[in-house]
Amino acid sequence: MTKAGEREVVTVERANGGAGFIMKEALISAEQLGEHCKMFSRVTLKPNCELGYHEHHGETETYYILSGSGMYDDNGKAVPVEAGDVTFCRDGDGHGLKNTGAEDLSFVALILKL
């Protein structure tokens with residue numbers, strides 16, 4: 001178990017070439033991820049910050065939007081997202097996310113290895 005407020009939040013500048021920075025909070029330890037899970041984290045984007053477009057190979061990534069709103073890049077197609085939405089990036093596809101709203105955009109990111 002991990003408790004809110006006790007997990008480390010790491011700031012990553014220009015993540016995947018995106019504008020600004022992201023804040024990434026691992027929700028469980030690396031040892032708890034197991035062999036098929038690469039990442040299970042809460043990610044926060046401040047207004048006008050973005051997670052740049054990137055591709056996944058040998059893995060998939062799912063975002064569950066917790067709060068805020070933004071524009072999701074789904075293989076070059078812009079799709080608006082808001083709290084409650086779920087995105088899925090297949091193996092071999094690419095995606096990115098920009099906070100286009102006035103409040104923080106926060107989401108859970110899950111990367112599973114194939």
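**View 1. Strand E3 (residues 37-45) pairs with strand E10 (residues 105-113) in the antiparallel sense over eight bridges.** Strands here are DSSP runs of at least two residues (E), numbered from the N terminus, and two strands pair if DSSP finds at least two bridges between them. Methionine 39 has isoleucine 111 as its bridge partner in E10. The model is predicted: local features need pLDDT of at least 70 and side-chain atom pairs count only at pLDDT 80 or more, whereas totals for chains, interfaces and linings use all residues. Residues are numbered from 1 along each chain as its sequence is written, and side-chain values use heavy atoms, with hydrogens and water left out.

**View 2. Strand E5 (residues 59-67) also pairs with E10 in the antiparallel sense, over eight bridges.** Within this pairing, leucine 112 of E10 is the bridge partner of threonine 60.

**View 3. The largest nonpolar core holds 17 residues.** Such a core is a set of buried Ala, Val, Leu, Ile, Met, Phe, Trp, Tyr and Cys residues joined through side-chain atoms within 4.5 Å; buried means under 20% relative accessible area, exposed over 50%, and partly exposed in between (1.4 Å probe, protein chains only). Leu45, Tyr63, Ile65, Leu97 and Phe107 touch the most other members. At least two residues of this core come from each of E3, E5 and E10, and E10 supplies the largest share, four residues. In soluble globular proteins, nonpolar side chains tend to be buried together.

**View 4. The surroundings of leucine 45 are shown through its contacts.** Contact means heavy atoms within 4.5 Å. Apart from neighbours within four places in sequence, leucine 45 is in contact with Phe21, Ile22, Glu50, Leu51, Leu97, Asn99, Asp104, Leu105 and Phe107.

**View 5. The whole structure contains zero disulfides.** A disulfide is counted as a pair of cysteine sulfur atoms within 2.5 Å. For cysteine 89, which is in no disulfide, the nearest cysteine sulfur is that of cysteine 37, 15 Å away. Cysteine 89 counts as buried because its relative accessibility is 2%. Cysteine 49 is likewise buried, with a relative accessible area of 6%.

**View 6. Asparagine 16 has a positive phi, near 55°, in a residue other than glycine.** Asparagine 16 is found in the loop between strand E1 (9-13) and strand E2 (21-26). With 45% relative accessibility, asparagine 16 counts as partly exposed.

**View 7. Asparagine 75, although not a glycine, has a positive phi of about 55°.** The loop that holds asparagine 75 lies between strand E6 (69-74) and strand E7 (77-82). Asparagine 75 counts as partly exposed, at 39% relative accessibility.
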